[in-house]
Amino acid sequence: MSLLELRDLAVRHGDTALVDVADISVKSGQALTIVGESGSGKSLLAHAVMGTITTGLAVEGTMSLDGVHYDLADRANRKHHWGRELALLPQEPALALDPTMRVRDQVAEGAPGFRSRRKAALRRAEDTLGRLNLGHAARAWPHTLSGGMAQRVAYAAATIGGARVLIVDEPTKGLDRDSLDQLADLLTEHVATGGLLITITHDLHLARKLGGELLVMRDAIIVERGPADRVLTTPEHDYTRRLVAAEPSRWQYEWLASPLADATADPAAEPLVAAEKLAKSYGDTELFRDISLEIRPGERWALAGPSGVGKTTLGNLLLRLGAPDEGTVRHHNAVAGGRLQKLYQDPALSFPARVRLTDAMRDIVRRHGVPPGRVESLMATLGLPESLLHRLPGQVSGGELQRLAIVRAMLLEPALVFADEATSRLDLLTQERTMDCLMSELTRTGCALLLVTHDRELATAVADHHLRLDQAVHPVAVP
Amino acid sequence: MLVVIAAFAIIGPLILPDPAAQDLGRYLEAPSASEPLGRDDYGRSVLARLAHATRLSLVFAALCVGTALVLGTSAGIASAWFGGWADAALRGISEVFVALPALLVVLLFAALAADGSLWTLYIGLALVQWVEYFRVVRARSSLVLGSPAVEAASLLRLGPVHVLRRHLWPELRPLVTTLAALGMVTCILAVSTLGFIKVGLRPPRAELGLMVTEGFPFYDVAPWMSVAPVAVLFLITACFLGLRRSEVTT
């Protein structure tokens, strides 16, 4: 029975406390999950434990592992444990893998005795990959892996050294449900075999699956703790209640899609976008074929499916941002002249990076003769302070920038908005806020929506028309 | 420092005596208070010649770099923007120039016009230099033009001028200014190299490379004659390279 204890852990930047936690203990056989929104200090906590925190931040506190004490202020005293006792599964595993090494070789580097017995290490890496159903990918390069596969390769690399303490930092970003379930199974297995697990996430699904103990963090402190199923079903703290209610399946808004009411659209109306028998393939891989759909004014469509099946590609074809291999896309006159807008997964990339937001917005206002004051009034409606406009896109948080992107799109009074995973990188509360802004604006203007997402709950909550793309080429249209 | 050299190049020729004025009586005169760098083998003032030579180098390099920059940048943007055959054609032309050693092109042009005039040198150097702007700008522009930001701008119907002004130029400016600082150095060194091997500008024009060559036979009796232009070349190079580093970090 091993035990990891953290006492009086604090991370400070100048006078600001970024993490301030009195005590945390992790027992083997019981997962510990820390949830909270972005900026609550969860990830810093993980890095403080590992000793990988940036040098600009001051760390205090002690850690004890099986009775051995470590001063957390000293970043180096746990270094010899990396991989053997302590392991971190980093955010964005696709970026954490070395793009110039084959999967098996880089997994093997973490195996014990890699330097002296290379053959054995490689064999061990193959075994590990085989157990994770990645045997076929052992010789592959990281860039050819899907997000879920890269996540499992990173897991293999992090755990091959036999570390008992595994810290998982935001594993859910951009992963679809199936990959997430696979990862949850791996983590559960780690706990079941006597490992210590600390998972940092904003995904309540994962927290629920892992069970064990749950800590809710907000603004550097822990606001609630307890068994996961208790905290997630009967939350006590106000913040936890809001967090739990922010899951799309529990949303309560006027604009939610209701299965009873007829869709707002008039079925006789001319379609804004009419696609006929679309087909697209990249190289030898066929993404889809024979897709026909018509989007009428005010309709809300959701394109769902796991990552890599061509949801975004299909959306881009419908917006005529790409050319289909076969089939046609017709646009109604109502969407001409910029009345078709797109929201991007990473809003920071959709603004000119080196131009202040005021200038970017003013360009649109001038070009399209938007009435003065419209930007300001829209921003006020969406709860954005005007001072944000004086910044560069990189200096605004993801959630705020996505709302600014909504403001930008709405300036042109679009007839159809294509939201391409627009909230999949945001935490739950921010996602709820952003979707509320978007949907309220769409409802107010009667604009149609094309939502691409891998989150089935989000799709169900928002859309009246669903199109599922699966690995199999044939899509299922559900009216 | 660069400002001091530029001031020397601008003001020097105005207040100093004629660089070609000979005074054979003051043959290889040593430096003195009235003539800080002494006089050369024809009794001409080395300081005056140096000022003229520096001005020539700087103005000429600026002209070459300016031309290459405008030509290369616009070709690079056009290539990335239009793609297809325009891109293929421009890339083909640029590769021809890359395949030839830079000095060879300049030498070729210098040899074509046997009188060693400034114009042939100017065309030759500009032709050699536009390629690097073209390649860097083209690579960066195609990245920028393929970005979601430009896609969003086209959905917002903001037009090509907006893309140039807000997307391309802010991304390209630090690149081309860095390249231009390096280009100035290459250009000044190329002109003086050609002068040094006597295929560039002809005497009696005051030119840094020529001055070094002319000073060499008298190195033992009048070292100032060749050391002065070398020092100026060194300072200019160091200044431009220093400028480049501040460009990169800002």
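Visitor: Let's start with α7(B) and α8(B): which residues in α8(B) do B:Ser192, B:Gly195 and B:Phe196 in α7(B) meet?
Guide: Helices (H or I, at least four residues) and strands (E, at least two) are DSSP runs, numbered from the N terminus. Meeting here is contact, defined as heavy atoms within 4.5 Å. On the α8(B) side, the residues that B:Ser192, B:Gly195 and B:Phe196 of α7(B) meet are B:Leu208, B:Gly209, B:Leu210, B:Val212 and B:Thr213.

Visitor: How do the residues of that α7(B)–α8(B) contact divide by class?
Guide: Ala, Val, Leu, Ile, Met, Phe, Trp, Tyr, Cys and Pro count as nonpolar, Asp, Glu, Lys and Arg as charged, and the others, Gly among them, as polar. On that scheme the contact of α7(B) with α8(B) comes out as 4 nonpolar, 4 polar and no charged.

Visitor: What ground rules apply to all this?
Guide: Residues count from 1 along each chain as its sequence is written, while chains are lettered from A and ligands numbered from 1 in the order in which they are written. This is a predicted model, where local features need pLDDT of at least 70, side-chain atom pairs count only at pLDDT 80 or more, and totals for chains, interfaces and linings use all residues; side-chain values use heavy atoms, leaving out hydrogens and water.

Visitor: At roughly what angle do α7(B) and α8(B) cross?
Guide: Axes are lines fitted to C-alpha atoms, for helices over the stretch in contact, with angles from 0 to 180 degrees between N-to-C directions. The crossing is right-handed, where right-handed means the near helix is turned clockwise from the far one by less than a right angle, and left-handed means anticlockwise. The axes of helix α7 (residues 159-196) of chain B and α8(B) come within 6 Å, and the angle is roughly 35°.

Visitor: Which residues does α8(B) use to meet α2(B)?
Guide: The axes of α2(B) and helix α8 (residues 208-215) of chain B come within 9 Å and cross at roughly 145°. By class, the contact has 5 nonpolar, 2 polar and 2 charged residues. α2(B) brings B:Val46, B:Arg49, B:Leu50, B:Ala53, B:Thr54 and B:Ser57, and these meet α8(B) at B:Leu208, B:Met211 and B:Glu214.

Visitor: And α4(B) with α5(B): roughly parallel or roughly antiparallel?
Guide: Helix α4 (residues 102-112) and helix α5 (residues 118-145) of chain B pack with axes 8 Å apart, at about 155°. Angles under 35 degrees count as roughly parallel, over 145 as roughly antiparallel, 65 to 115 as roughly perpendicular and the rest as oblique. So α4(B) and α5(B) are roughly antiparallel.

Visitor: How many nonpolar residues does that α4(B)–α5(B) contact have?
Guide: Among the residues making it are B:Val105 and B:Phe109 of α4(B) and B:Leu121 and B:Leu125 of α5(B). There are 2 polar and no charged residues, and the nonpolar number 10.

Visitor: What area is buried between chain A and chain B?
Guide: The contact takes in 23 residues of chain A and 17 of chain B. Buried area is the accessible area (1.4 Å probe) that two parts lose on being put together, summed over both. Carbon and sulfur atoms give 57% of the total, which is about 1700 Å².
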